[in-house]
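Dear colleague,

I am passing on the structure below for your files, and I would be glad if you could read the notes with the coordinates open beside you.

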Amino acid sequence: MSSVQRNEQELIKIEKLHELRSLGINPYPVSFDRTHHAAEILTSFIDEQPDALSSVRVAGRIMAIRKMGKASFCHIQDVSGRIQIYLKKDDLGEAYDLLRLYDIGDIVGVEGFVFRTRMGEISVHAREFTMLTKSITVIPVGKEEVNEDGTVTRYDAIADKEQRYRKRYLDLIANPDIKETFIKRSQIIRTMRSFFDERGWIEVETPILQPIYGGATARPFVTHHNALDVDLYLRIADELYLKRLIVGGFEGVYEISKNFRNEGMDKTHNPEFTALEIYVAYKDYIWMMEMVEELFNTIVLNACGSETVEFQGTEISFARPFAKKKMFDLFQEHTGLNLRGLSREELLTAAKSAHVDVDPAASAMKILDEIFSVKVQPHLIQPTFVMDYPVEMSPLAKAHQTEAGLVERFELFIMGKEVANAFSELNDPLDQRARLEDQAVIRAAGDDEAMVVDEDFLHAIDVGLPPTAGLGVGIDRLVMLLTNNDSIRDVLFFPQMRPEKAHLEGE
RNA sequence: GAUCCCGUAGCUCAGCUGGUAGAGCAUUUGACUUUUAAUCAAAGGGCCUUGGGUUCGAGUCCCAACGGGAUCACCA
């Protein structure tokens, strides 16, 4: 019946499963009443008052078994950590012999009293133990050694990145420390939500399947709707929809959005990723900058418990205020050149003199971008707002109040990476139309990442978008920074992987 | 897309200039009633990623494919 090839160890486990059943034991009962997590017991046990924990019920996965004849020790792992269980034949009688049907990887429930062993480990002395789930596969569990300083050394745990990403459930079992990252990720997002909710801005949901994609420059994923017989795009951003809601009269909306971009994958790019976007009416980018400072400061305090964070050996301070620099001042500072208002040809010359390699056919915008990323970006280690971008780089941002050719836009850089992008939103309908039509020209010239004209969006802007400040934050990159992970794959439970080749049977 | 590295037992890894496949953990059996990377004794477990080639002989050398990693390029 089964087409799965079982190895020797799996066959033995299945045999044990059958034996449990034949003894009238259900290896998959429906529930277990638990009173304590492992960590609760470890922190609340007091040697002078053992009676306070004279009957506890714990549950978890068996991670180690040490049999010593008529007494045994095992470690079980629950969401909070590990705790040792002591099983003694004198106390368990016949049931003790069932232990031979229990293996590393099985999930068990234990009732007993808490005590401290001769070696000093707080443990549960079992009066009962119950199979809650018999595992029939071998899980790659590395042995653990608790060092004197309390750190844990793990031996031979699953290390192959491919397996860790493809079978994250095994990774979580064998390397439980990584749960920290994902718990922090959740705290970061929760902090954002409550920060916005407290200010009366509302969380909304906008389409993931979009007939026209927009709001960013990127290649989309295409899919097809059968009933309508039309192609739809997975969103690359939700910006244009959120602005429509501001047009409609909401004064603060945000969305934590899964976006999809059909581009390369590397340490900082996954085809699907999470972004926050928020739009607040009657505000501008200067106001937004202060809001971002406060938001990030709050997030870091909540998720990390401190205003400073260590990332790959560098201390990052989120103490307010953050540095604020104008883009062209930064060019001046790091290249010695004034690039303001230069033509494409002049920028090419400037790039050459700054020893930045650029494609000779690149647009002025791309040359500036290249010089910036090579000469400036690596210096932006501590949180730094970069302000006032050239208009060509920002087709959805409002023209600067006083600086011709610039827009009211900032990006926040940390550790040389962009983590936030914001502007005073462009709400001049004629200007917006002209800018998107410029994009269409660039697109027609072969740049398939330039924006597509979305007539309905333009119509919404015609109707009237109030003065509005908008912000986008790359959640994954922020989580990387705050959890000291240098690969996006380590902050996603299930990073995109090439599908494994199907087995060749039947061909 | 380019370059380099990797793919051997359930896991972590050895395997030299080609000569019938190794260890630790895990598993099985036995001993052991406070151990903790438990210990001690014995045993079982392999399509060496796949497909070609060179060779009397390939885990090992060559080519290709597949999967992964790293760096670079592209991309916010």
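This is a predicted model: local features need pLDDT of at least 70, side-chain atom pairs count only at pLDDT 80 or more; totals for chains, interfaces and linings use all residues.

Residues are numbered from 1 along each chain as its sequence is written, chains are lettered from A and ligands numbered from 1 in the order in which they are written, and side-chain values use heavy atoms, with hydrogens and water left out.

Chain A is divided into domain 1 (8-139), domain 2 (203-321 + 382-483) and domain 3 (323-378), with bounds that come from an automatic or database domain assignment. The centres of domain 1 and domain 2, taken over C-alpha atoms, are 51 Å apart.

Helices (H or I, at least four residues) and strands (E, at least two) are DSSP runs, numbered from the N terminus. Helix 6 (residues 179-198) packs with helix 8 (residues 285-304) at an angle of about 140°, and their axes are 9 Å apart; axes are lines fitted to C-alpha atoms, for helices over the stretch in contact, and angles run from 0 to 180 degrees between N-to-C directions.

Two strands pair if DSSP finds at least two bridges between them. An open sheet is formed by 3 strands in the order 9-11-10, with antiparallel pairing. Strand 9 (209-210) and strand 10 (222-225) stand at the edges with a single partner strand each, so one side of each has no neighbour in the sheet. Strand 10 is joined to strand 11 (residues 230-234) by 4 bridges, and V222 has Y233 in strand 11 as its bridge partner.

Best regards
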